[in-house]
Amino acid sequence: MVTVVKSCAFALRVTWLIGLCAGVSPGAFAQTTGSVRGLTADNQGRPLAGATVTITGGALPKAGRGALTDASGVFQIPGLPPGRDYQVRASFPGLATVVLSDVVVESGRSTPVTLTLPPESALRERIRVRASPQVVNPAVTVTETRLSSEFIEALPVLGRNYQDVLTLAPGVTDVEGTGNPNIHGARDTDVVTLVDGVSTTDPLTGKVGAQLNLESIQEIEIKAAGATAEFGRAQGGFANIITKSGGNDFQGTFKFFWRGNLLDGDGAGTDDPRLHAGLGENGLRDLKFNDFLPFLALGGPIAKDRAWFYVALEHIQREDPVNALTHAFVTGIREDREFAKLTWQATPNQRLALSVNYDPQRLLNQGLNGLTLEESGFTVRQGGTVLTLKDTTVLGPSAALETTVSRFDQRPALLPNLGSDTNGNGILFNNRNGNGFDEPFERDAGEDYDDDGAFDVYEDTIHPNGILDSNEIFLCCFDNELRQCTCPPYSIIKDEDADHDRRLTRRGGCESPLREDFDCDGHFDRRDEDTNHNGRLDPGEDIDMDGFLDPGDNDRNHNFRLDDTPFPTDLDPRTNPYGRLKPIPADRDYTVNQLNRIVSGPYFEEFSDRRSRF
């Protein structure tokens, strides 16, 4: 089954940084920039009109961004990337210059600052240590939690998934550990994840559609209630993730995690056999497993103050030993999380950012338990590519325009550990009744119809009666709802004499095109070697060219017996093309043994899918 789900949403969003959202898109597009708004005054509290305010640091060019205060001494600088290390400098003729350090800018927020400029004669150098406790802002109706990259890096979180961080926010839980959290009891499909303002939710299931490298996250904002008008398509809440960008300084990080059976030699989950009715561990100590998690992050300038790059690469190999009582097996994950971002400051007021997130995943040996053999498990494949191009343009002191174009492309699949064509002959169904439909009883039976290990031609198939039949069967296109034929009847001839020897071959008989003794009489005779049935040996029929019918001609394994057993020392397919001359067995099916409930055979489902959003 192939399902294609596509949705289109394009937004030009004008964000008035006084606090209103002037343009609302049909999808969920969160703000990815913030602003700094403040007041300048002298030491008497009088506002300073025409003061120069400059902000530097963060991901801005070296020259930074600037503004002039209005008649009331108010200034505003919009379109700033989130950061925690901005510096705000204010200057006015005749007054001392004042600098505020470590100013925090958060996405979707305007950071308030107040700058008091004393006279130059009264200038004193002071070092001030400040702390900013969280306070309740009565003007904010949103219930949210913000987590910075520094906070995430210091967390003792087991795992490398951003969903593990979301559950630290009040009201967010993930009881089943699926990576699809719920907020305040809402369904796990009612949480929308936004990456740089663009939804990465699976358009079909409503669950997680893309994984992220933790090293690529600058900030996570969890909105549990009261989301503003720019958010939509969720009844639970939102996770708004802002990714990192490169700066003017080269920075890099490399880390490596490893776990293996050398450190955990007895295997996880080994219990006293008496706890499991004497079944014990069943090979758990013999399992080999290794976890490898290397990741690398690099960022820096391509051209200082003009262009930057940031790359975060991570490979995940996780293997978990499982004691299923009746047997032991290893489940695992193979995953790559690759993120790259290019940022270009085209003009002082315009910035372009192109980012790519690629996260192919494979979940191995799924669907196994104590009664399901490893061959009956399956592999889940998921993940894909998210490509985003974002333009941020500052239109003036109070407005910024963000334009985003993004494509989400995911290709999930489910692949059984054991393929449906278990006998490897390339056939899954034989349309025996000629109706053009694959039906369960038409599964490929191979060459061993009765599963006795011998070549068979079972011919009494039309209606078993112990004799050969040759019937004309009439068929039509029968509509079950109308209970009538919807096309003219047609006929086919069903002849049971499959080997055309005019006698019935019993069930378990020995005839087959690959047999040496074609007529099953145990002798070398004309029926075996005289392939054109003209009563004499023609060129090409007398294999050893001695004019006689002898073992050298039809004895394919050269053991001077008609036994269809290969010559013991000649199993090379180049010299013995007939191989072992054993019948091809029937394809195996997904089977539940009614006596012991053991599940075997290939998993019954297989699919590939494609889901995209633009």
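Which residues does P47 touch, not counting residues up to four places away in sequence? Let's start there and then move on to cores and rings.

## About the model

This is a predicted model, in which local features need pLDDT of at least 70 and side-chain atom pairs count only at pLDDT 80 or more, while totals for chains, interfaces and linings use all residues. Residues are numbered from 1 along each chain as its sequence is written, and side-chain values use heavy atoms, with hydrogens and water left out.

## Around P47

P47 touches T40, A41, S72 and G73, leaving aside residues up to four places away in sequence; contact here means heavy atoms within 4.5 Å.

P47 itself lies in the loop between β4 (34-42) and β5 (52-56). Strands (E, at least two residues) and helices (H or I, at least four) are DSSP runs, numbered from the N terminus. With a relative accessible area of 44%, P47 is partly exposed, a class between buried (under 20%) and exposed (over 50%), using a 1.4 Å probe and protein chains only.

In soluble globular proteins, nonpolar side chains tend to be buried together. A nonpolar core is a set of buried Ala, Val, Leu, Ile, Met, Phe, Trp, Tyr and Cys residues joined through side-chain atoms within 4.5 Å. The largest one has 21 residues, of which V36, I55, F75, L80, V88 and L115 touch the most other members. At least two residues each come from β5, β7 (74-80), β8 (83-92), β9 (95-105) and β10 (110-117), and β9 gives the most, with 5 residues.

A second, separate core of 19 residues includes V172, I183, A224 and A239.

## Aromatic rings and charges

The whole structure holds 7 aromatic pairs. Rings of Phe, Tyr and Trp (its six-membered ring) pair if their centres lie within 6.5 Å; planes under 30 degrees apart count as stacked, over 60 as edge-to-face and the rest as tilted. F256 and F292 form a tilted pair, 6.3 Å centre to centre with 45 degrees between the planes. Because F256 lies in strand β18 (residues 251-260) and F292 in strand β19 (residues 290-303), the pair ties together parts that are 36 residues apart in sequence. F256 is partly exposed at 45% relative accessible area, and F292 is also partly exposed, at 29%.

Elsewhere, F378, Y590, Y603 and F604 form one aromatic cluster. The charged end of R443 sits over the ring of F429, 5.6 Å from its centre (NZ of Lys or CZ of Arg within 6 Å of the ring centre and within 35 degrees of the ring normal).
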